[in-house]
Amino acid sequence: MAVAGCGSREERWSLAGATALVTGGSKGIGHAIVEELAGFGARVHTCSRNAAELEECRRRWEEKNLRVTVSVCDVSVRAQREKLMETVRQTFDGKLDILVNNAGQLLFKPAAECTAEDFSNLMTTNLEASFHLSQLARPLLIHASIAGGGSIINVSSIGGSIAFAGSTVYAITKGALSQLTRNLATEWAPNKIRVNGVAPGFVTTDMIKDVDPEYMKQENSKTPLGRSGKPVEIASAVSFLCMPAASYITGQVICIDGGRTISS
Ligand SMILES: NC(=O)c1ccc[n+]([C@@H]2O[C@H](COP(=O)([O-])OP(=O)(O)OC[C@H]3O[C@@H](n4cnc5c(N)ncnc54)[C@H](OP(=O)(O)O)[C@@H]3O)[C@@H](O)[C@H]2O)c1
């Protein structure tokens, strides 16, 4: 049965007809988000810096009948972000329902040893890119046709709210990304754009493949669910936040961490 003004249950839990841009969709969490959004009926555009890898992904998505287009973009470069949004505008006829700022990089290095270049590279890739892409997407998101309004999802990290030694610069970018989420949610609510974030704990992707197994074992022991997460477990929450079912949720950053941040 339909809730007054909110559509039927099928409509609330669907992304049919929606359009989405997901940055960093060739691997890991971004790859899972592309598949999940497309699986719920969205048309998705994604990018990364590696053309061959992107094309291989596109081919496999086509085989699965998922509607995904790709283009190369280094999100740390302003001109490439502008070109990406122009491609998206043309691909989706000027209308965008969902922007997922997922592309990001991790740096495990003691703060005392971080160079000016380390700082600037992480700030640009993890934070400035998300801010600028949100600005660029805003005129398209205003035309979103999905019930509940257009959505921006920022992929933050629990490292933005609790301190892991050796990841200070990464942590600053993610802490700021979570605050960006709350500020944009407030500023753009009148435009019917919802802005939310997810803050994963450790998730098994290439990003953490070099982390010392002993360290991971200790981390798992501090996590109530006793393990690291899987990319699809982040993707399902992202999909929910974009759906009409989440139409009254904005400005929230949801920890998806097996309970790591609530554990004593
Ligand atoms: N894995 C975790 O434990 C974890 C935990 C908390 C938060 N996160 C966050 O989740 C997001 C995804 O991480 P992941 O674990 O899936 O990492 P991943 O497996 O390393 O994948 C990162 C994706 O982003 C792309 N990318 C990286 N730098 C880029 C750039 N400058 N321009 C365009 N694309 C770029 C990569 O492709 P190319 O390198 O080919 O460009 C790849 O597609 C990141 O924001 C990360 O901080 C991850």
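The end C-alpha atoms of residues 18-211 lie 37 Å apart, and this span is 44% helix and 18% strand. Helices (H or I, at least four residues) and strands (E, at least two) are DSSP runs, numbered from the N terminus. The UniProt annotation "domain: Ketoreductase", from an unreviewed entry, covers residues 18-211. UniProt positions follow the numbering used here, feature names are shortened, and annotations may be inferred rather than shown by experiment.

The model is predicted: local features need pLDDT of at least 70, side-chain atom pairs count only at pLDDT 80 or more, and totals for chains, interfaces and linings use all residues. Residues are numbered from 1 along each chain as its sequence is written, and side-chain values use heavy atoms, with hydrogens and water left out.

**Helix packing: α2 and α8**

- Helix α2 (residues 28-39) packs on helix α8 (residues 231-242) at an angle of about 50 degrees, with the axes 8 Å apart.
- That angle makes α2 oblique to α8; angles under 35 degrees count as roughly parallel, over 145 as roughly antiparallel, 65 to 115 as roughly perpendicular and the rest as oblique.
- Axes are lines fitted to C-alpha atoms, for helices over the stretch in contact, and angles run from 0 to 180 degrees between N-to-C directions.
- On the α2 side, Gly28, Ile29, Ala32, Ile33, Glu36 and Leu37 meet residues of α8 that include Pro231, Val232 and Ile234.
- By class, this contact of α2 with α8 has nine nonpolar, three polar and one charged residues.
- Ala, Val, Leu, Ile, Met, Phe, Trp, Tyr, Cys and Pro count as nonpolar, Asp, Glu, Lys and Arg as charged, and the others, Gly among them, as polar.

- Serine 26 sits in the loop between β1 (19-23) and α2.
- Serine 26 is buried at a relative accessible area of 10% (buried means under 20%, exposed over 50%, partly exposed in between; 1.4 Å probe, protein chains only).
- Beyond neighbours within four places in sequence, serine 26 contacts His31, Ser48, Glu53, Leu54 and Cys57 (contact means heavy atoms within 4.5 Å).
- Alanine 42 lies in the loop between α2 and β2 (43-48) and is buried, at 1% relative accessibility.
- Not counting residues up to four places away, alanine 42 touches Leu15, Ala18, Leu37 and Arg67.

**Positive phi outside glycine**

- Aspartate 93 is not a glycine, yet its phi is positive, at about 55 degrees.
- Aspartate 93 belongs to the loop between α4 (78-91) and β4 (98-101) and is exposed, with a relative accessible area of 70%.
- Lysine 192 also has a positive phi, near 60 degrees.
- Lysine 192 falls in the loop between α6 (168-188) and β6 (193-200) and counts as exposed, at 62% relative accessibility.
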